[in-house]
Amino acid sequence: MFKLGLSKKMLVTLGTVSACLSLLFLFSISSDFTITDEFVPSMQQYTETEMAIDPNQRSQRKPTCMQNTATLDSFQPSKEEWEKCLDPGAKPSAYLSIVIVTRMDDYAGGQYHRLQNFIDSAFLLAEHTKENIELLIVEWNPPEDKRRIVDVFRFRHSPYLTYRIITVPKKIHEFLPNRGNSPLHEFEGKNVGIRFARGEFIVCTNQDDIWSHNFHNAIKSHAFKKNVIYLQYQAQHNIHENYPPSIVDLPVFPDDDTLYNSCRLDQQNWGHYKLPDPIKVTTERGNNFILDIADQAGDFTLAHRDTWKVPRGYREEGGVAWMDIEFICSAAWTFDIPVVYSDKSFCCHQQHANVWEANKEQHNDNSNINMGEIERKEKKYMNEEGKWALQHVDIWELGLECLTFFGGLCW
């Protein structure tokens, strides 16, 4: 009989190696990860996050992570990377861009959980509609003694959702006109979002809103059209008890079902949402009166990316209030853009104290504006060409920041 002459110790070693190779083979065929020189899931291998990536090419990229989001401001991209992050593209790469302007100053108290609900609502919108959506947060004049937005909130991953944060630093804030020493310019910030958004349609809203089933269905149904301004009914925000359906008082950190169903509002025929016909906006009370139609336009105004640029966005005067209404005046009367007003709300407002009303020194001055003159095309109010959305500012030199990411955890 032929004998191999292997020692007992060698046999044990060979058995151990064989078992390890078997386990490695089973892992490789059952896992989404591929062990290569390019990606080893260890903290030492993590790199700074990429500044911009085409969402359609996600499957081709290797996972990259920012090791410490608290040190975001220490990352200095090349100008080419920075321009790539800001580039809206000649053609839209998403169906919808959601634009808000905010800063971490605990606005009206309880800002943290309301803004987290807003972010989660965008995630649910993407997951339920399965449309490519961009959530574009313009972080305006971030407080020096507070954490940055990317270092505060949970951003969940969806294959249909891209996050982008454009940060307007203190240098740019101080360069612009400012009424009443306001720390944040809502309309200037929304214009920045409009300028750089990658969506076919852009909705300008606020951090206190969450999306209704009506909006889910309208997105799923591709109900919106080019060359139209879309507005909605939303109850006034000075109601702080016995809330109407479009005002919600959510618990802190609700689960997804609670959040999604808190703004149900109407029964849906999914995939077949019908919008009303355009209306003629007027200065006549009771007849599509402008102050009724545009009452809460700051919480929801939606239009095609090209349509937003016809009136050159919101007029920039360095204050708060009024410009959301004036934008509708200019769009409807100066440029004859049709307005569709839905009495079925597209979003619900999370109730909070009305802080802005008390700061009257920060309000834009509309005392000399006669809306009838705009309606009759006798006067028009709009930004100068090339002097809105920071087009007249050296945003690279003054430190505008841009970050694109996809949410979730690196693993």
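**Figure 1. Aromatic pairs in the predicted model.** The structure holds 21 aromatic pairs, and it should be kept in mind throughout that this is a predicted model. One of the pairs is formed by Trp-211 and Phe-300, whose rings are arranged edge-to-face, at 6.4 Å centre to centre and with 75° between the planes. This pair links distant parts of the chain, since Trp-211 belongs to strand E5 while Phe-300 sits in the loop between helix H8 (290-293) and E8, 89 residues apart. Trp-211 is buried, with a relative accessible area of 1%, and Phe-300 is buried as well, with a relative accessible area of 0%. In another pair, the rings of Trp-308 and Tyr-314 have centres 5.6 Å apart and planes at 55°, so this pair is tilted; Trp-308 and Tyr-314 are both buried. Ring pairs also join a cluster whose members include Tyr-95, Trp-211, Phe-215, Phe-300 and Phe-346.

**Figure 2. Helix H6 and its surroundings.** Helix H6, which spans residues 213-220, is mostly covered, with seven of its eight residues buried. Among these buried residues are His-213, Phe-215, His-216 and Ile-219, and the buried residues of H6 pack against strand E1 (94-102), helix H3 (111-129), strand E5 (209-211), helix H7 (256-261) and strand E8 (301-304). After H6 comes His-222, which has a positive phi, near 50°.

**Figure 3. Strand E1 and the strands on which it pairs.** Nine of the nine residues of E1 are buried, so this strand is largely enclosed by the rest of the structure. Strand E1 runs parallel to strand E2 (residues 133-140), to which it is joined by seven bridges, and Ile-100 has Ile-137 as its bridge partner in E2. Strand E1 also runs parallel to strand E4 (residues 199-204), here through five bridges, and Cys-204 in E4 is the bridge partner of Val-99. Together, E1, H3 and E2 make a right-handed β-α-β unit.

**Figure 4. The nonpolar cores.** The largest nonpolar core has 52 residues, and those with the most contacts inside it are Ile-229, Ile-290, Leu-390, Ile-395 and Leu-400. Helix H10, residues 323-334, gives the most to this core, with eight residues. Leaving aside residues up to four places away in sequence, Ile-229 touches several residues, including Leu-302, Phe-327, Ile-328, Ala-331 and Val-340. A second, separate core of 51 residues includes Phe-118, Val-150, Cys-347 and Cys-348.

Notes:
Residues numbered from 1 in each chain as written. Predicted model: local features only at pLDDT ≥ 70, side-chain atom pairs only at ≥ 80, totals over all residues. Heavy atoms only, no water. Buried < 20%, exposed > 50% of the residue type's maximum accessible area, 1.4 Å probe, protein only. Helix = DSSP H or I, 4+ residues; strand = E, 2+ residues; numbered from the N terminus. Contact = heavy atoms within 4.5 Å. Core = buried A, V, L, I, M, F, W, Y, C linked by side-chain atoms within 4.5 Å. Pairing = 2+ DSSP bridges. Right-handed = clockwise from strand over helix to strand, strands pointing away. Phe/Tyr/Trp six-rings, centres within 6.5 Å; stacked < 30°, edge-to-face > 60°.
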